[in-house]
Each structure stands twice: as structure tokens, then as C-alpha cells.
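Please read it with the structure open beside you.

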Amino acid sequence: MKNPEKERLAQHQKEEKDWLKWGPYLSERQWGTVREDYSAVGDAWNYFPHEQARSRVFRWGEDGIAGISDRYCNMCFSIALWNGQDPILKERLFGLTGPQGNHGEDVKELYYYVENTPSHSYMKYLYKYPQSRYPYEQLVSENQNRDRKALEFELLDTGIFDDNAYFDVATEYAKADESDILIQITITNRNDKPAPIALLPQLIMRNHWTFKEMSKKPVITKQGKDANAFVNIDHPYVGNYNLYFQPADKLLFTENETNREAVYNENNQHPFKKDLFHYAVCNNDFDLATQNDSGTKFAPLYEMQLKGGESKIFQLRLTEQKLKEPFADFNDIFSKRQQECTVFYNEITPKATDERKAILKQAFAGLLWSKQYYNYEVEKWLDGDSKTSRPPQERLSGRNSNWKTLRNHDILSMPDAWEYPWYAAWDSAFHCASFALIDPDFAKEQLLLFTKEWYMSPNGQIPAYEWNFSDVNPPVQAWATLQIFKTDKEKNGKGDIKFLKRMFNKLSLNFTWWVNRLDRNDNNVFQGGFLGLDNIGVFDRSHGVPGNGFLDQVDGTAWMALYSLNMLEMSLQIAEEDDAYEDMATKYFGHFIFIAEALNKMDTDKANTWDDIEGFFYDRLILPDGRSTTIKVRSIAGMLSLAAVLTIKKSTLEKFPKFKDSILWFQKYRADNLKYDVIQQFNDGDDLLLSLVPKDRMQKLVTSLLDEKEFLSPYGIRSLSKIHETAYKIQIDGIDYSIDYEPAESTVSLFGGNSNWRGPIWMPMNYLFIQALREYHTYSGNDFLFEYPTGSSKLLNLKQVSDALSKRLITMFEKDAEGNRPVNQNYQQQYKDANFKDLILFYEYFHGENGRGLGASHQTGWTALVANLIEQLEN
């Protein structure tokens with residue numbers, strides 16, 4: 001069957017058409033971000049709070065609800081609403097700041113990413129807007145009154161959706177062409193009584209002119225009269241566009257400029273400010289807002305009273321063309337794009353159940369809706385702009401001040417478009433593994449960005465995230481590179497060696513940074529600190545170690561072993577076309593061998609991280625006086641050693657005789673010198689298994705991994721063993737530390753307290769374990785069998801185990817016999833409602849016992865990996 005969406009992606013890649021010029025790039029939260037923070041002390045949440053966002057101009061972007069923009073966020077479209085009750089328009093999503101929430105920052109809205117194609121030819125976003133006054137104050141006060149042991153107080157808990165007293169507002173986009181965008185907004189009253197609502201489809205020009213010189217200021221100007229009215233947009237960066245819309249009650253114009261009186265208690269030079277529409281609509285005073293026929297912010301205003309159950313549709317068209325009948329072909333184009341979206345996703349998993357197809361489609365929709373414009377130039381941010389006052393000098397030695405070469409001006413995949421509206425290096429790598437299934441070219445471009453000189457530090461470090469670019473995220477970029485390469489090769493028949501080379505060359509710099517900076521004793525045992533697993537340790541690993549010691553981290557060492565194997569595999573793939581890379585395979589093979597030996601010391605060295613009696617790897621704390629102690633926490637940090645595994649087929653070894661000779665030399669040399677031989681079972685002429693842990697230890701670890709009394713939950717692998725229901729306690733340098741199994745939200749404040757690695761299920765780590773088990777199976781086949789679950793007497797091979805784990809993870813999103821999805825554990829009755837039952841949220845992490853969604857509610861970044869699991873099972 002013809003697949004028009006794939007054709008569009010091909011056109012874009014060949015540069016025949018720029019299908020990605022417009023997309024869902026408008027941020028969901030620009031306020032409260034580091035890049036908008038010009039305070040002396042780095043207080044991002046309070047420097048630019050939600051209550052100022054409607055009145056104050058952003059420096060580095062814009063935000064809105066269900067919005068789109070061009071790829072540089074110069075021209076932005078979004079919706080604003082008013083229910084006749086609120087003191088302000090619903091113009092942006094509301095949520096709690098980090099300090100306000102009892103479990104950190106959290107959006108307090110109901111919205112869903114329903115559909116989206118990779119070219120953004122069709123997109124659908126659903127927002128549920130209460131008909132009663134929005135409970136801003138109640139949401140803040142109630143959460144502040146709750147401690148960390150209590151659940152978060154959510155919008156559904158307020159009762160504001162009782163009796164279906166809300167509107168469904170569905171915003172859809174369909175592209176007629178690369179710069180011709182059809183917009184349809186459908187408002188439905190879900191209550192049985194009539195209710196008023198106002199709709200403002202807003203067009204906003206991002207304000208550059210306040211901060212820097214422009215050749216000319218952009219302008220939106222009214223054209224035509226009465227029912228034929230439309231607006232023309234003249235923008236020096238984007239070009240000339242027209243916005244057509246159906247006849248409105250009023251046409252509102254203002255300037256996208258700060259209301260200095262409202263924000264700073266200073267006089268304004270003119271009254272046409274960013275927040276004028278709020279005042280006009282909420283006070284029914286339109287004198288100023290209708291006074292002008294031009295501005296840099298515009299909205300047609302539609303005011304209506306909807307009967308119970310009534311829907312009303314509004315159509316607009318943003319295009320470079322000048323059209324006499326802009327809506328003549330509107331419905332036909334919309335219907336066609338909707339059908340093409342269905343065709344595109346059905347082709348990915350044609351054999352899947354309708355339920356799984358729906359999960360996959362919404363997972364990818366969330367991933368695509370989380371593509372956002374991100375702009376942050378650190379040196380300019382530190383120094384301030386030429387047209388504004390100079391920021392406080394303290395900032396010059398404050399947050400990110402050593403990242404002056406970082407200049408980001410791109411479309412990036414966000415972990416969660418509201419809660420985490422900034423990239424995180426390791427999150428992005430997992431996102432790319434999912435993007436590879438639907439848009440491998442975007443996945444490649446996204447990953448390559450992190451190796452560019454305006455991202456990567458001159459010393460080779462990859463920036464972590466804007467709150468602290470110098471923090472250390474797990475080095476998973478090489479792993480993601482291979483995931484993209486293999487997926488692309490499987491679907492297109494040929495791997496992109498040029499992409500591999502580009503990534504390999506730059507990642508070699510990053511690998512060297514890791515070796516030079518994070519192996520402090522040059523013994524191939526790595527530290528690292530934070531490494532993404534926020535509160536997994538008994539203490540905060542990113543802020544120094546108690547007693548001024550250092551921590552030999554099993555996860556840091558395992559990540560580097562995995563990194564070595566990834567670089568080795570990339571070397572061999574490239575060497576098939578360029579034999580100069582065969583030598584690099586030997587280099588990374590050597591790195592892996594030394595790391596494996598260091599982790600698996602078989603002697604009586606007191607610094608050994610393996611406990612043979614307990615069958616587990618533990619971190620080891622080394623104090624300045626040489627004393628050391630084992631931190632006996634059974635977590636996925638210790639289990640991560642399983643992830644570093646690679647099977648090299650004998651056919652590959654035969655292609656590279658120099659590399660094969662190096663392997664045989666290593667094998668003999670290590671044996672002759674009584675070193676632990678990680679490749680002791682290799683026989684010339686066989687496949688080669690490179691595993692960070694030997695077979696006997698691997699068996700013990702997998703047995704624990706599949707034990708329902710430890711790591712195996714009904715819904716996947718827990719991040720902390722359930723044996724820690726009895727808290728583990730340790731005293732270090734006279735201070736008591738402890739950790740216990742917490743399957744839900746965190747009860748401690750480490751790393752802000754909004755994430756929890758002490759028991760819940762995390763999709764990316766589960767995905768890594770599943771892929772590792774499949775790799776072991778590639779080598780061992782049915783020779784490796786395990787009880788699944790442990791103690792059940794039911795023996796499975798490791799592929800069967802990986803499939804069983806995948807099904808447990810997918811089950812969190814599937815309806816059970818009663819129509820409940822485990823992710824909706826706290827709101828099952830609400831999600832049985834006809835207007836909720838097919839809507840799925842993809843949370844940041846999940847309850848270790850019942851699968852309930854936890855943390856950021858729209859983290860379809862790495863949680864989109866559930867789509868990879870569905871695809872892997874069905875194909």
C-alpha cells in the first residue's frame with residue numbers, strides 16, 4: 001500500500017520539500033527555566049514564575065497550549081480559552097514549581113497527545129478545560145500542606161471534573177504543503193447543561209526586538225473586511241504569511257511586550273502589552289484590544305454558549321499563499337491526512353492487536369509532540385543583551401559559567417515538554433532509539449547534535465542538562481547510535497556507515513574524557529557521581545562522598561564497559577567498508593578487557609566489588625586513610641553489569657584477521673600472567689561472547705533479576721530489590737545513612753524529590769536489560785535456561801524471558817478485563833468514562849507493585865520505548 005507519510009519524509013531528506021519547517025515546536029513551559037533566569041543566585045523558579053508569564057516577555061523562546069511554530073520559534077500559534085469564571089485566560093499550562101510540590105515540580109492539567117506523524121502532516125492534541133473556576137490556589141496550598149509520604153494532589157482530586165463539567169478542546173493540524181497549515185479546533189461541552197466559553201486562536205511573534213537590533217520589527221496586519229477579514233504576517237526571519245479564519249466576534253491586536261507596570265511597578269510607554277487580551281476578555285472591556293489593526297500578537301475572538309453535549313468546530317489556515325477560498329478544500333485535506341496517519345502507524349505493527357496499536361500510536365504521538373525549540377547561548381546569557389541592563393556579576397562564576405562555548409538553537413526532543421522542557425543527554429539517546437522506528441533521519445540528526453562543537457565541550461564532555469551542564473549522565477550515545485544504525489539497516493536494507501563514522505569520531509573524544517576524568521586511580525574502576533539515577537544511593541552521589549572519600553561505582557564501571565563494547569561494535573561495522581577502523585576495534589576490545597578484569601577481581605583484594613556469597617556487585621567507598629567499606633545496596637546500579645554484553649559472530653572474526661589475532665593474544669597473555677580471563681571460554685572458530693560478568697556470576701545476577709521477592713515486579717524490573725523493605729543502614733564518618741524500598745514516589749528530597757530510583761520501574765533500564773538478555777540468547781540459544789520467575793520451575797531461554805518481561809511492561813498500558821489500565825490506578829473510575837477510556841498517559845516511571853504512573857505525566861520521551869517493545873514482539 002502507498003505510504004504518503006514515508007514519501008514526505010523522503011522528500012524532506014532529499015531537500016525537495018522542507019516538511020519540518022513547521023511543527024509542534026512551541027514550548028509548553030518557558031517560564032521557570034534556567035535559560036530565562038537572570039538572578040544572581042540561580043533561583044529559576046522564582047525569577048520567572050507562572051504569574052508573570054502572561055505579562056512578561058521571554059528572552060529565549062515562547063510557550064503556549066497545543067502550539068506550533070516555525071523551527072526557530074519566530075512565529076507561534078497556540079490556543080487560549082476562557083470559561084467565564086477564571087481571573088485570567090487559560091493561555092499556558094499551569095503547574096507547581098519544584099519548591100511548591102510535595103514531590104517536586106508537577107503540571108496540574110489534563111491534556112493528551114493523541115496523534116502526530118513524523119513530518120507533522122497531521123497532529124492532534126486534546127485539552128480538558130474545566131467549566132468552574134480553575135483551582136490555582138487550592139492546588140498550591142494543598143500540595144504544600146502534604147509531606148513527601150503523601151500522594152500528590154492532582155487536578156482530578158479537586159472534584160472540578162465531577163458531573164463532566166468540562167470542555168474537550170481538540171486542536172488538530174493538517175499540512176496541505178510544507179508552508180500551508182490547516183488548523184481545526186473542536187470544542188465540546190461534556191456536561192448536560194449549557195456553559196459559556198471563549199476561544200482565542202493566538203498568533204504571536206517572538207520578541208527579539210527588545211533584546212537585539214532587527215532589520216525590521218515583524219508585524220501582523222489586518223486585511224479585508226467583515227466576513228472576508230484575514231491577517232497578513234510580515235516577518236524578517238520567516239517571510240510573508242497569511243492567517244485565514246472564519247468570521248469572529250472580535251479581532252484583537254496587541255504587542256508582545258512586557259507590561260512593566262504589572263511586573264516591575266514602572267510606567268509603560270504604551271498600553272498595548274502582552275497581557276492585554278487577559279484584561280479585555282476577563283473584564284469585557286475591548287476598547288484597547290480592538291483599537292488597532294496591527295501588532296505582534298493577534299487573536300480572533302469567538303464567544304459562545306454551548307448546549308449540553310454540543311460541539312462547535314473552528315477552522316483556520318496559516319499559509320504563504322494568498323487564497324480567495326481558503327476553506328474550499330479544507331475538509332478533504334484534513335480527512336486525507338488523518339487516513340495517512342493511520343496507514344503509517346498500521347504498517348509498523350500490522351499483526352498487533354488494536355489495543356497495542358493504539359498504545360504504540362499514542363506513544364509515538366507523545367514523542368513527536370515533545371519535539372520543542374530550544375535556544376540557549378550561555379556566553380550571551382551570562383553577559384546579557386546589548387539593549388537590556390547588565391545581569392548581576394555573580395552569574396559570571398555561577399551556574400554553567402564554564403560552558404561558554406555552548407550555543408543551542410535547535411529542535412530537540414524533550415523528556416517531558418512541561419516538567420522537563422530542556423534536553424537531558426541520556427534521555428535524548430533513548431528517545432532516538434524510538435525515533436529510529438518512525439524517522440531514522442531525525443534520530444541521527446538529533447544524536448549528532450550532541451557531538452557538535454556548539455554542544456560538546458572542547459574537552460569532550462557532553463552537556464547533561466541546563467540545570468547543570470557539567471553533571472554526568474550515563475554515556476549511552478554510542479549505544480543509541482547502534483540502535484539507530486541497526487533499525488535503519490533492518491528497515492531500509494543498508495546501514496548508514498557515514499553516520500556511524502561521524503558519531504564514532506566524536507564519541508572517541510567523549511570516551512577519552514571519561515577515561516581521563518572519572519577513573520581517578522587509573523585502575524579501570526569508574527566513579528561518575530550522579531549518573532542519572534537520582535536518589536539510588538544512600539547519599540547524593542553528585543555532591544561529594546561522606547568522609548571526603550570516593551566511590552568506586554559499579555554502574556559507572558558498567559556504563560564504561562558498555563561504552564567500550566559499543567565503540568568496538570561500531571569499529572567493526574565501519575571496518576567492513578574502511579579497514580583503517582579495524583585497529584580501533586582492538587583498542588576498545590582492550591579497554592573492555594581491562595574494565596572487566598577490574599570489576600571481576602578474583603583475588604582477595606579488599607576493594608573487590610563482587611560478593612560471592614550474596615551473588616551481587618556492590619559499590620565500594622574508599623576513605624582518605626585507605627579504609628574501605630562496601631555499600632550493600634541491591635539495586636539496578638549493581639545489576640547494570642548485565643547490560644555490557646556483545647556477541648561477535650565467527651563470520652565477522654574471519655573478516656578481520658588482525659582483530660582476531662589480537663583476541664587470541666589477549667587470551668594467552670592474560671592466562672600466562674595469571675590474570676582473570678574474561679574470554680577464557682573462547683575457542684578459535686566459534687562465536688565470541690564478550691560479557692562484563694562471567695557465566696557463573698551472570699547466572700546469579702539473572703536469578704535475582706527474575707526473583708519476584710527481589711527485582712521482578714508484575715510490571716517489569718524494579719530499580720531496588722524488594723528485600724530492602726527492611727531498610728539498609730550504614731554509618732559513614734559518624735553519620736547514619738539508610739535506604740529502603742519505596743515502590744512509589746520518593747519520600748526523600750535527594751535531587752529535588754521528583755524522581756525515585758528506590759523501587760519503581762523505569763522503562764529505559766528495563767529496555768537495556770531486555771536487549772542484553774536477547775544478546776546473551778544470540779550466543780547461547782537454548783543452552784542458557786532460567787526459571788521464570790525464579791523458583792517457579794518453569795524454564796525459559798533468554799529470548800523467551802525478554803519477551804515475557806516486555807509483556808509485563810506493556811501490560812501497564814493495556815486495559816484489563818474490567819477496562820482498567822494499571823497506569824491509571826488512582827483514577828480508574830474516571831478513565832472508564834467514554835471520553836477518557838482511550839486516552840493514555842506515558843509517565844516518567846511506575847509503581848513497583850501495581851504499575852501506577854508516577855513522576856512526570858507526559859514523559860513520552862524514554863517511556864516511548866514501550867512502542868519499541870510492541871514492535872519487537874509483533875515483528
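Predicted model: local features only at pLDDT ≥ 70, side-chain atom pairs only at ≥ 80, totals over all residues.

The points below cover the cores, the salt bridges, the sheets and the aromatic pairs.

1. **Main core.** The largest nonpolar core has 246 residues. Ile187, Leu568, Phe659, Met765 and Phe813 have the most contacts inside it. Helix H14 (residues 554–575) supplies the largest share of this core, 14 residues. A second core is separate and has 16 residues, including Trp82, Leu89, Val281 and Ala289.

2. **Surroundings of Ile187.** Which residues does Ile187 touch, leaving aside those up to four places away in sequence? Among them are Phe167, Val169, Ile197, Leu199, Met304, Leu306 and Phe314. The list also includes Asp168, Glu310, Ser311 and Lys312.

3. **Salt bridge Glu340–Arg8.** The whole structure has 56 salt bridges. In one of them, Glu340 meets Arg8, at 2.9 Å from N to O. Glu340 sits in helix H7 (residues 330–346) and Arg8 in helix H1 (residues 4–13), so distant parts of the chain, 332 residues apart, are linked. Glu340 is buried, because its relative accessibility is 7% and the cut-off is under 20%. Arg8 is buried as well, at 6% relative accessibility. Glu5, Arg8, Arg337 and Glu340 are linked in a network of salt bridges.

4. **Salt bridge Arg92–Asp63.** The closest N and O atoms of Arg92 and Asp63 are 2.9 Å apart. Both residues lie in loops. Arg92 is in the loop between strand S3 (75–82) and strand S4 (95–96). Asp63 is in the loop between helix H3 (50–53) and strand S2 (65–70). The two are 29 residues apart. Is each side buried or exposed? Arg92 is buried, with a relative accessible area of 6%. Asp63 is buried too, with 3%.

5. **Salt bridge Lys491–Glu871.** Here the closest N and O atoms are 3.9 Å apart. Lys491 belongs to helix H12 (residues 477–492) and Glu871 to helix H22 (residues 865–874), so the pair ties together parts 380 residues apart in sequence. Lys491 is partly exposed, with a relative accessible area of 40%. Glu871 is buried, with 11%.

6. **Six-stranded sheet.** This open sheet has the strand order S1-S2-S3-S10-S16-S14. The pairing is antiparallel. Strand S1 (22–23) and strand S14 (250–254) are the edges, and each pairs on one side only. Inside the sheet, strand S10 (residues 195–205) and strand S16 (residues 297–306) are joined by seven bridges. Pro196 has Gln305 in S16 as its bridge partner. Helix H6 (residues 276–283) lies across S3, S10, S14 and S16. The helix runs at about 145° to S14.

7. **Three-stranded sheet.** A further open sheet has the order S20-S23-S24, with antiparallel pairing. Strand S20 (550–552) and strand S24 (628–631) each have a single partner strand, so one side of each lacks a neighbour in the sheet. Neighbouring strands are turned by 30° against each other on average, direction ignored. Strand S23 (residues 619–622) pairs with S24 over four bridges. One of the residues involved is Asp619, whose bridge partner in S24 is Ile631.

8. **Aromatic pair Phe253–Phe298.** The structure holds 67 aromatic pairs. For Phe253 and Phe298, the ring centres are 4.8 Å apart and the planes are at 40°, so this pair counts as tilted. Phe253 lies in strand S14 and Phe298 in strand S16, so the pair ties together parts 45 residues apart in sequence. Phe253 is buried, with a relative accessible area of 1%. Phe298 is buried at 0%.

9. **Aromatic pair Tyr423–Phe450.** How are these two rings arranged? The pair is edge-to-face, with 5.3 Å from centre to centre and 85° between the planes. Tyr423 lies in the loop between strand S19 (407–413) and helix H10 (425–438). Phe450 lies in the loop between helix H11 (440–449) and H12. The pair therefore ties together parts 27 residues apart in sequence. Tyr423 and Phe450 are both buried.

10. **Aromatic cluster.** Tyr423 and Phe450 also belong to one aromatic cluster.

Methods:
Residues numbered from 1 in each chain as written. Heavy atoms only, no water. Core = buried A, V, L, I, M, F, W, Y, C linked by side-chain atoms within 4.5 Å. Buried < 20%, exposed > 50% of the residue type's maximum accessible area, 1.4 Å probe, protein only. Contact = heavy atoms within 4.5 Å. Salt bridge = Lys/Arg side-chain N within 4 Å of Asp/Glu carboxyl O. Pairing = 2+ DSSP bridges. Axes fitted to C-alpha atoms, helices over the stretch in contact; angles between N-to-C directions. Phe/Tyr/Trp six-rings, centres within 6.5 Å; stacked < 30°, edge-to-face > 60°.
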